[in-house]
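Biologist: Let us go through this model in question and answer form. Please give the cut-offs as the terms come up.

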Amino acid sequence: MNVDLYERIWMWGVGAMLAVFFGSTAAAAVMSQIHPPSHIETIDPRTALSDPRFKHQGVRVDASGRVHATVVGLMFTWMPTELILPADTPVTFQLTSPDVIHGFEIVRTNGQAMVVPGYVSQFTTQFAAGEYLVACNEYCGVGHHTMASRLKVVPKSQWQAPARETANVQ
Ligand code: CUA
């Protein structure tokens, strides 16, 4: 079969591009622990704010000592607007939205999830000590650009597990 020179160049070019795309996806998965979400849990968006899973937002430690962060995204804020977390400790985030799709992005980390009405998004990650900006990376309306919050990650020795009462930032 005769393949024209230019066609051959383009074929190899496309092949090389595909190799780069798949390679970078694989590298992100292996080296940066970036994975597609695999958690499927539904919720009624109309009652999300009174749902026992999301009635109280903020940080809590469960009976087995794992740290959870519960966050609601709604036009145009994250609730709560600040989370204080321990460094180098796995934190499981649970997120939902009562209105439209938002994008929870902890800037310059691998912590990121779409926040979709009707679903509970979940991911687990950990952070080095420092301050992180949480942005909304999914256009959600006129106030989209103002939708941000903060993550304060403190050394584990300085972190105090919030008491059940103070953990619940309403
Ligand atoms: Cu919420 Cu953009």
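Predicted model: local features only at pLDDT ≥ 70, side-chain atom pairs only at ≥ 80, totals over all residues.

Biologist: How much accessible area does the nonpolar patch formed by Val14, Met17, Leu18, Val20, Phe21 and Phe22 have together?

Modeller: Patch members have over 30% relative accessible area and no salt bridge, with like charges joined within 9 Å and nonpolar side chains (Val, Leu, Ile, Met, Phe, Trp, Tyr) within 5 Å. Areas come from the Shrake-Rupley method with a 1.4 Å probe, and for residues only the protein chains shown count as cover. For Val14, Met17, Leu18, Val20, Phe21 and Phe22 together, the accessible area is about 610 Å².

Biologist: Is Phe21 buried, partly exposed or exposed?

Modeller: Phe21 lies in helix α1 (residues 5-31); helices (H or I, at least four residues) and strands (E, at least two) are DSSP runs numbered from the N terminus. Buried means under 20% relative accessible area, exposed over 50%, and partly exposed in between, with a 1.4 Å probe and protein chains only. The relative accessible area of Phe21 is 49%, so Phe21 is partly exposed.

Biologist: How far apart in space are Met31 and Ile9, C-alpha to C-alpha?

Modeller: Met31 lies in helix α1 and counts as exposed, because its relative accessibility is 69%. Met31 and Ile9 are 22 residues apart in sequence, and their C-alpha distance is 32 Å.

Biologist: Which strand gives the most to the lining of the largest pocket?

Modeller: On a 1 Å grid over the protein atoms alone, a cavity is a set of points where a 1.4 Å probe fits but cannot get out, and a pocket is an open set with protein on both sides within 12 Å along at least five of seven lines; lining residues have an atom within 4 Å of a point. The largest pocket has 17 lining residues, with His35, Pro36, Asn110, Gln112 and Phe123 nearest its centre. β7 (112-115) and β8 (121-125) each supply at least two residues of this lining. With 4 residues, the most is given by β8.

Biologist: What is the volume of the largest pocket?

Modeller: Grid points are joined across faces, edges and corners, and a volume is the space filled by probe spheres set on the points. For the largest pocket this gives about 470 Å³.

Biologist: How many residues in that lining are charged?

Modeller: Ala, Val, Leu, Ile, Met, Phe, Trp, Tyr, Cys and Pro count as nonpolar, Asp, Glu, Lys and Arg as charged, and the others, Gly among them, as polar. The lining of the largest pocket has 6 nonpolar and 11 polar residues, and the number of charged residues is none.

Biologist: Which residue forms a salt bridge with Arg53?

Modeller: A salt bridge is a side-chain nitrogen of Lys or Arg within 4 Å of a carboxyl oxygen of Asp or Glu, and the count by this rule comes to 7. Both Arg53 and its partner lie in the loop between α1 and β1 (58-61), so the pair ties together parts that are 12 residues apart in sequence. With closest N and O atoms 2.6 Å apart, the partner of Arg53 is Glu41.

Biologist: What is the omega of the cis peptide bond that joins Met79 and Pro80?

Modeller: Pro80 is placed in the loop between β3 and β4. The bond from Met79 to Pro80 is cis, with an omega of about -5°.

Biologist: What is the phi of Arg108?

Modeller: Arg108 sits in the loop between β6 (102-106) and β7 and is exposed, because its relative accessible area is 81%. Arg108 is not a glycine, yet its phi is positive, about 65°.

Methods
Residues numbered from 1 in each chain as written. Heavy atoms only, no water.
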